[in-house]
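Trainee: I have a structure open and would like to go through it step by step. Could we start with the record and then turn to the details?

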Amino acid sequence: MQSEPLPSNDSPYNLVFYTEPLPPYNYEENGTIKGLSIDLLTAIIQKSGYVVPADHIQIVPWETALENALTQNNSVVFSTGRTPEREGLFQWVGPISIERDVLFAHPKANLSIEKPADLKEFRIGVTPGHAGTEMLLNAGVNKEQIVTEANISELIRMLESGEIDLWCYPELTGRYYAEQVTGNYYAFNVVYPLEEMGIYYAFHRDVSNATVHAFQQALDELKTDKDETGVSEYERILGRYNPATGLSHLTYLTEEWAPYNYEKDGVPAGISIDILEKVFESLHVNKTREDVHFVPLSEGFKKMQTENGTVLFSIVRSPEREALYQWAGPFTKGRFVLYAPSSRNITLSSTEDLNNYTIGTVQGTIENTLLTNIGVLSDHITSGLHPHDLIRMLEEGTVDIWATGDSTGRYEMVKNGINPDKYEIVYTLQEDDFYFIFTPDVPESLIHSFNQTLMMIVNEKEKAGDST
C-alpha cells in the first residue's frame, strides 16, 4: 500500500534534513551517510512516492542541526530525543526507535549506583545539547557536576583517566564509540540506566500538517505491513543496526553432538547452548535455548545454502567452508579421533593403514573432510545421519572404526547403553576450534555485535578457569 502523495506545494524536495554523527542511527562512512534513521527515512520517502535529493540530507554538529531546525521553516532534525522540554518546539514523526541513555563507568572504578541520590558525588560527562543533560538535572544532579565536552573521544579519554566519573550517552552509540576509541565494545560498564526516550524526526513547526501526516502515515505502514514471515520492513531495517532486534529474527540450528549441543529432558543443553544463551541475555535478544532447533548436520548445511537468516553451530572452520559463510568465534575447541573396538587390537602405524578399514562418519561433519584430506578413499567411508546410527554400525561390525569427537563418542556410547570402555582411541585426526556460522545475508554489524559479546563471554569463562 502506498501512502497519500505529499502536497505539490510542500514537497520533500524543499525540505532539508539535518542530523549529527550518532551511530548506529546516523553516521558517515567513506563519504556516504548511513544508519538506521537514514535507511528508514529513505523507505518513508519512497513509500510516499518521492525522493529526497542526496544533498538535502546533511551531517552537521548537533548544535547546528538543532539551531537550523528551529530557525529554518523547511527543516527537519533527527535523530531527536522527544522530551517534555522540546515537545512544543517541533512537529514529531516517529518513533524511529526507543533509546535508553545510560551512565557508563570504567570497570576499575567499581561504582555502585542504585538510585538518583547516589549520583550527587560524581562528575558526569555529556555532549552539548544532549537530552541526557535534562534527565540528569531532573534526577537531582547539580549543574556543577556536569562536564560538557563536544568531542566524544575526549569524553572517553576523560573517563579512562578519571577526570570524570561517569559518561552519559545512549547505550548502543556509546558502545560503538568505545570500540572505535579503545578497541573494546565493552570497555565500560553500564552502572545506571536513565529513563527510556523515543527517538524521532523533528519537523519545523511551519512545515504543513499534510506533509508531517504523510511522513507519519508512511512510517506507520512500514511498521504494520508484514511479509510472509511475519516481519515488517521497519523491523528489518531496525534489525540491521540493533542486535537485540536483528538477532531475534534469525533461526538457530545445531546437531545432536554432546557435550556441546544435545537435548536433555526435551530442552537444548550443552557447552555451546549455554554460551549462546548468555549471548542472548547480554544483548537482550528475545530468544532462549528453547528457540534452538536440532537437525542432522547435513540438513543444517543445506538450510544454510537455501534459507536466509540462519545460524548453524558448532562448526569447524575449514578452507572448503570459509567463503560460504560468515563466522563468529571461536568459542571452544574439541579433538577429533577414531574409535575402534578394543578387542580388534587395531594398530595404525601410518595414514595409509586407514584404507585397510571401513570408517563410519556422520553425514556433513568435518570428520569426512579430515579423512579425505589424509588420503582415506571415499569407498572406505560409510556415513549415517545420527551418532546412534554409527554406534549401531560399530556394534554390528558394519564399520571397523568411528570418526567422531573424543568426548562426543564416549557420551553417545553411554547414552545408547554401550560401555565406552569396550572401545579405544586408535588415532587422533585433529584438534579444532568451533564457531557459529551465519548465512551471507545477515548484516555484518549484527555478526560483529554477536562476536564481540561471544568473545567477552569466552574470556570471562577463561578468567574464571572454566576451560569448557
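Trainee: How far apart are the end C-alpha atoms of residues 14-233?

Mentor: The model is a predicted one, and the distance is computed from it. The span of residues 14-233 is 32% helix and 28% strand. Its end C-alpha atoms are separated by 26 Å.

Trainee: What percentage of the residues in the protein is buried?

Mentor: The protein has 15 helices and 20 strands, and its C-alpha atoms fill a box of roughly 90 × 55 × 40 Å along the principal axes. Buried means under 20% relative accessible area. Of the 468 residues, the buried ones make up 54%.

Trainee: Are helices α1 and α7 roughly parallel or roughly antiparallel to each other?

Mentor: Two packed helices are described by the angle and the distance between their axes. The axes of α1 (residues 36-48) and α7 (residues 233-241) come within 9 Å and cross at roughly 160 degrees. Angles over 145 degrees count as roughly antiparallel. The two helices, α1 and α7, are therefore roughly antiparallel.

Trainee: Which residues of α7 meet α1?

Mentor: The crossing of α1 past α7 is right-handed. From α1, the residues involved are Leu 36, Asp 39, Leu 40 and Ala 43. On the α7 side they are Tyr 234, Ile 237, Leu 238, Arg 240 and Tyr 241.

Trainee: Which residues in α7 are buried?

Mentor: The buried residues of α7 pack against several elements, among them α1, β2 (27-29) and α15 (444-463). The buried residues themselves are Tyr 234, Ile 237, Leu 238, Gly 239 and Tyr 241.

Trainee: How are α4 and α5 oriented to each other, roughly perpendicular or roughly parallel?

Mentor: The axes of α4 (residues 152-161) and α5 (residues 171-182) are 10 Å apart, at an angle of about 75 degrees. Ile 152, Ser 153, Ile 156 and Glu 160 of α4 meet Tyr 177, Ala 178, Val 181 and Thr 182 of α5. Angles from 65 to 115 degrees count as roughly perpendicular. So α4 and α5 are roughly perpendicular.

Trainee: Where is the peptide bond with omega near -10 degrees?

Mentor: Most peptide bonds are trans. A cis bond with omega about -5 degrees joins Phe 313 and Ser 314, and Ser 314 lies in strand β15. The bond you ask about is also cis, and its second residue lies in strand β5. It runs from Phe 78 to Ser 79.

Trainee: Is Asn 30 buried or exposed?

Mentor: Asn 30 sits in the loop between β2 and β3, and its phi is positive, near 55 degrees. Over 50% relative accessible area counts as exposed. With a relative accessibility of 80%, Asn 30 is therefore exposed.

Trainee: What is the relative accessible area of Asp 265?

Mentor: Asp 265 lies in the loop between β12 and β13. Its phi is positive, near 55 degrees. Asp 265 is exposed, and its relative accessible area is 76%.

Methods: Residues are numbered from 1 along each chain as its sequence is written. This is a predicted model: local features need pLDDT of at least 70, side-chain atom pairs count only at pLDDT 80 or more; totals for chains, interfaces and linings use all residues. Side-chain values use heavy atoms; hydrogens and water are left out. Helices (H or I, at least four residues) and strands (E, at least two) are DSSP runs, numbered from the N terminus. Axes are lines fitted to C-alpha atoms, for helices over the stretch in contact, and angles run from 0 to 180 degrees between N-to-C directions. Angles under 35 degrees count as roughly parallel, over 145 as roughly antiparallel, 65 to 115 as roughly perpendicular and the rest as oblique. A crossing is left-handed if the near helix is turned anticlockwise from the far one by less than a right angle, and right-handed if clockwise. Contact means heavy atoms within 4.5 Å. Buried means under 20% relative accessible area, exposed over 50%, partly exposed in between (1.4 Å probe, protein chains only).
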